[in-house]
Amino acid sequence: MLPLLLSIWSSWAVAASPTPVFVSAFQARNDESRSLAALIEAFVAEKLRGRPELRVLRVEDSPAFEDYSARIYMDSCPPGDIVGCTFVVGGRASASWAVTGSVQSLLKGTRVDIDIVDINGARVAVSFRSELDSGRDEAFAEGVARVLVAAIAGEVGAERDIRVKTEDAEAADEEQDAVIAAELAALEEELGEFTTSIRRADVQIERPKLTEADIAEKSVEEGSKPWERLGMQAGDYLRYRNSGLDLPTWRERAEGRRFQLLIRASGGYVNGPVDAEYYGRYAVQGLQTVDAYSAQSVASGSSGTGSLELGFGVHPMVDVSVRVGLAGGNFVYLISQESTDDLDDGRVPESVTTQQSSLIVGPRATVSFLPASAIHPTFGFGAYWMQGTGIADHILPPDELARFPAQATWSVELIGGAEVRVNDILDFYAQVPVSFLLDDGETQEERYSPVSALEGIETLPGPTALGVGLSVGVQVRLFGSRPKESSALDETDEP
């Protein structure tokens, strides 16, 4: 009783929700096969209609495009692009699966290439080629129907990672090939002599691309242009059509940064005014200091850096932000006490190197081009204030030497980079900032010299004017403006 109930329930479930299958056009490879291609399309549709688990959709069931019907679109599909065109029209018809192919008349018989398309998975699940004797087309269509049903059931053409080549994967391929061949071989008596070869499938589908030449051709046509009807520029329309995105998603992404709150966290490398130097020498005569010289200056160096940034989008492509960061660096100091009795003894004072951190604060403006694309080139500019440490943060020098406070610098920067969209709220990004020093903080000096006893006093060089860096990070995008509601016209935007 239980098996019977399960069978009845299964039959009811299938009847209640049949799988929508799109029977697409078959492309004729030569003039002699045009009528035969239409005939095979009709035979396949007829055989599939006899199966209650399927809901058959024809080309005429797909919504018309703005300027012409779906049938005209399929008839004008470029040679070799029949799968891509089927994917477009089948998707508009809300089909889950589709069957298409090409037909070529030979000196004896017909060659038919069949592609069974998983529209939801955007892939060709099964692909095979058969050579038929004339008059066997209707029986062959029954074989195609059987393979399609097997693909929908997952018996053949199951999705897998085609990059993985293992013995198990190869065995699975051979098993699926055998199932497909068996479905066709079961009709051998009706078909007579025939040849079937299985072609590897499970490949992703690409929509037919729109070219600049297509845009130029439409620009000179009479009437409104597709991009004008959608409120776009021609260049934006070209990118939209080739993006693979539906119109609502494209419009949402095209809003870009407008009114978004942006949080960035990054780390990287910087070359710039991240080091500092202190130079202090004094000479004594007996117990009395007779000469003393102290100097402290910012210096250029290289180190790691990290920063947090908070921004707000003022335009789809522009945001303004405030950055707070830290940069590592070295603080080098030399402190030497010398006696007037042995100033010429040849001893060279040794410097000491310690670590320091510099605080970075400043505004930025960032321009992100192509906001609807997955990869956005970026350009930015800004300014920042940087302050490291002073000598007293590392060591207290003798009273004879000055204790200078930390010095600050001001720089402006130009920033080039790119962002890569991960999902609707997260990006990865990389930047190359080039900085120009405006204010180096000036070298601080102090000299007490009743007697000029010190010789060979060094002058601190100060920082260089140009710096460069590299940073990588993540960007979180929150909130933002919403696009206008799509109109019914937006749903027929194909050229």
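**Notes on the predicted model**

1. The surface deserves a look to begin with. Phe369, Leu370, Phe379, Phe381, Leu414, Phe436 and Leu466 together make a nonpolar surface patch of about 620 Å². One of these residues, Leu466, belongs to strand S16, which covers residues 466-479, and Leu466 is classed as exposed because its relative accessible area of 51% is over the 50% cut-off. It should be kept in mind throughout that this is a predicted model.

2. Leu370 is placed in the loop between S11 and S12 and has a phi near 50°, a positive value in a residue other than glycine. With a relative accessible area of 32%, Leu370 is partly exposed. As background to this point, most residues other than glycine have a negative phi.

3. A positive phi in a residue other than glycine is also found at Glu442, where the angle is near 60°. Glu442 sits in the loop between S14 and S15, and at 58% relative accessibility Glu442 counts as exposed, because exposed means over 50%.

4. Turning to open spaces, the largest pocket has a volume of about 480 Å³. Its lining comprises 20 residues, and Met232, Asp236, Trp250, Ala254 and Pro371 are the closest to its centre. Helix H10 (234-241) and helix H11 (247-254) are the elements that give two or more residues to this lining, with H11 giving the most, namely three residues. By class, the lining of the largest pocket divides into ten nonpolar, four polar and six charged residues.

5. Asp236, which is among the residues closest to the centre of the largest pocket, also takes part in a salt bridge with Arg239, and the closest N and O atoms of this pair are 2.6 Å apart. Both residues lie in helix H10, with a spacing of three residues, or about one turn of the helix. Arg239 is partly exposed, with a relative accessible area of 36%, and Asp236 is likewise partly exposed, with a value of 30%.

6. The structure holds 20 salt bridges, and a colleague may wish to inspect the one between Arg257 and Asp319, in which the closest N and O atoms are 2.7 Å apart. This pair links distant parts of the chain, 62 residues apart, since Arg257 lies in the loop between H11 and strand S8 (260-285), while Asp319 lies in strand S10 (residues 318-339). Arg257 is buried, with a relative accessible area of 4%, and Asp319 is also buried, with a relative accessible area of 0%; both are so classed because buried means under 20%.

7. Arg257 and Asp319 also belong to a network of salt bridges, in which they are linked with Arg264, Glu309, Arg323, Arg364, Glu413 and Glu419.

8. Another salt bridge joins Arg447 and Asp291, the closest N and O atoms being 3.0 Å apart. This pair again links distant parts of the chain, with Arg447 in strand S15 (residues 444-448) and Asp291 in strand S9 (residues 288-315), 156 residues apart.

9. Which volume does the largest cavity have? The structure holds five cavities of 30 Å³ or more, and the largest cavity has a volume of about 230 Å³. It is lined by 21 residues, among which Val270, Thr305, Arg323, Arg364 and Pro433 lie nearest its centre. Two of these, Arg323 and Arg364, are also part of the network of salt bridges described above.

10. The lining of the largest cavity draws at least two residues from each of S8, S9, strand S11 (352-368), strand S12 (375-387), strand S14 (426-439) and S16. S8 gives the most, with five residues. By class, the lining of the largest cavity has eight nonpolar, ten polar and three charged residues.

Terms used. Residues are numbered from 1 along each chain as its sequence is written. This is a predicted model: local features need pLDDT of at least 70, side-chain atom pairs count only at pLDDT 80 or more; totals for chains, interfaces and linings use all residues. Side-chain values use heavy atoms; hydrogens and water are left out. On a 1 Å grid over the protein atoms alone, a cavity is a set of points where a 1.4 Å probe fits but cannot get out, and a pocket is an open set with protein on both sides within 12 Å along at least five of seven lines; lining residues have an atom within 4 Å of a point. Grid points are joined across faces, edges and corners, and a volume is the space filled by probe spheres set on the points. Helices (H or I, at least four residues) and strands (E, at least two) are DSSP runs, numbered from the N terminus. Ala, Val, Leu, Ile, Met, Phe, Trp, Tyr, Cys and Pro count as nonpolar, Asp, Glu, Lys and Arg as charged, and the others, Gly among them, as polar. Patches are made of residues with over 30% relative accessible area and no salt bridge: like charges are joined within 9 Å, nonpolar side chains (Val, Leu, Ile, Met, Phe, Trp, Tyr) within 5 Å. Accessible areas come from the Shrake-Rupley method with a 1.4 Å probe; for residues, only the protein chains shown count as cover. A salt bridge is a side-chain nitrogen of Lys or Arg within 4 Å of a carboxyl oxygen of Asp or Glu. Buried means under 20% relative accessible area, exposed over 50%, partly exposed in between (1.4 Å probe, protein chains only).
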